[in-house]
Amino acid sequence: MARDSESERCRTGIEGLDRILGGGLPRSSITLVTGDCGTGKSSLALEFLVRGAMFGEKGLLVNTVEPFGKLISSIPRFEFSDKDYFEGEEIMTLELPDLLESAGLMEQVKEEKAILDLCARLQETILENGIRRLVLDSLTPLHFEIGSERLVHHLLRRISQILYENDCTGILVSDSGPFSEIEKIVADGVLVMSNYDRGGDLLRTMQVIKMKGADHSRSRYAIDLTTMGMLTTPLLKGGMH
Amino acid sequence: MVEDPGLRICERLEELGPSVSVAMEISFDSYFDAVRGLVDNFSNSKGLHCIYITSSIPATTLLGALETLEVDTEKVHFIDCLSHMLMGNIDPNERMIFVESPTMLENIALKVEYLMRKNGGEPATVILDSIDSLAIQNDPKILSEFLQILLGGLKARETYPVVISMVEQSRPEIREMVHLVCDEVASYFEEE
């Protein structure tokens, strides 16, 4: 199916990130946001959804890690918007067990057919609700749930296809580690969040490693997660040897 | 001759206009007059927000001093790079943001960005007090890179960026670097 998007870029709305990406994420692409714990992966992904809702793009959060309330309470409350989009219809939230249950897959997720059924359920949700932005946070528990690299690869390929066919732009959140290698292969873009230790000062950083079809910066940036959203500034090099 | 440096500073900034980064060289004895000039005579009289980055005096002390001088501090926000490191008072405060260490230069730039956004992008005076105290803990190379990025970003937003340099503390290489990075140099001290 041909893409019907007006623009080839999906503006994340996170000013610094859009500048680094040369305008935004490639529309209908799938981007892996990976990194150590506490580096701001979930904050970035949630801000992507909220900014999208502010632009009138409906979002879907598939949450696999912790109860939604706990996830929300762990990030700064955004002050750039008066509205709580997670309360309204602009951003839907699904917890993995609910998604598995709705697809009748609680016990059989280790089978190929189950992966296809799960993806079909996800596609239905995207189509029925006109979802333009998807966040899957995080992929790491799915690796444990599914247990087969081949099936995880298959799942990601299918999600990538669904997003492309339905003009939906996605972010996959994943902890860094051996598992994230499969995601890196499948994803159109890879954004690495990390902690940078400079003489005992721990700075949060972000770096775009890969973004198909985008003329993006490959430099490393320092970030801050604030109530005004994620802020970026170039990581200083003067002290590096 | 250094008569009423506060007023002279105000006149100089008016003359230069926004988007011009100014290195302000002052001496210890004119320090509080200069600060009052920047915050009160200039910022307040123009109705500007004032973002005050302090790495030489804790923000609580500075705020207290300004209040003693009967300066209206309603539109002043401090970025304090000292108190955390000194294990001083870092109680959450609407008017103050604390940076863990003066060596976390990127975080200083990010806090400035945060306050600019919080103020709705309205015009502001941004004061860095002082480059010499930051130079105690930072290498001149990284400091010049920091200044270039910080001032470049501020100039693009029609702000009034001011870098304070204390003549008694200033090392030649830092003075040279500040002269190179800033657009203008304004001196308010007696030449020996």
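Mentor: What follows takes up a strand, its neighbours and the contact between the chains.

Mentor: This is a predicted model, in which local features need pLDDT of at least 70 and side-chain atom pairs count only at pLDDT 80 or more, while totals for chains, interfaces and linings use all residues. Residues are numbered from 1 along each chain as its sequence is written, and chains are lettered from A and ligands numbered from 1 in the order in which they are written.

Trainee: Why is strand β3 of chain B called mostly covered?

Mentor: A residue is buried if 20 or more other C-beta atoms, placed from the backbone, lie within 10 Å of its own, exposed if 12 or fewer, and partly exposed in between; in β3(B), residues 76-80, five of five residues are buried, so the strand is called mostly covered. B:V76, B:F78 and B:D80 point one way and B:H77 and B:I79 the other way.

Trainee: What makes β2(B) and β3(B) a pair?

Mentor: Pairing requires that DSSP find at least two bridges between two strands, and five bridges join β2(B), residues 49-54, to β3(B), therefore they pair, and they run parallel. B:T54 stands opposite B:D80.

Trainee: Which strand pairs with β3(B) over three bridges?

Mentor: That is β4(B), residues 96-98, in the parallel sense, where B:M96 is the bridge partner of B:F78.

Trainee: How many residues of each chain are in contact?

Mentor: With contact defined as C-beta atoms, placed from the backbone, within 7 Å, 15 residues of chain A touch 18 residues of chain B.

Definitions and conventions: Two residues are in contact if their C-beta atoms, placed from the backbone, lie within 7 Å. Helices (H or I, at least four residues) and strands (E, at least two) are DSSP runs, numbered from the N terminus.
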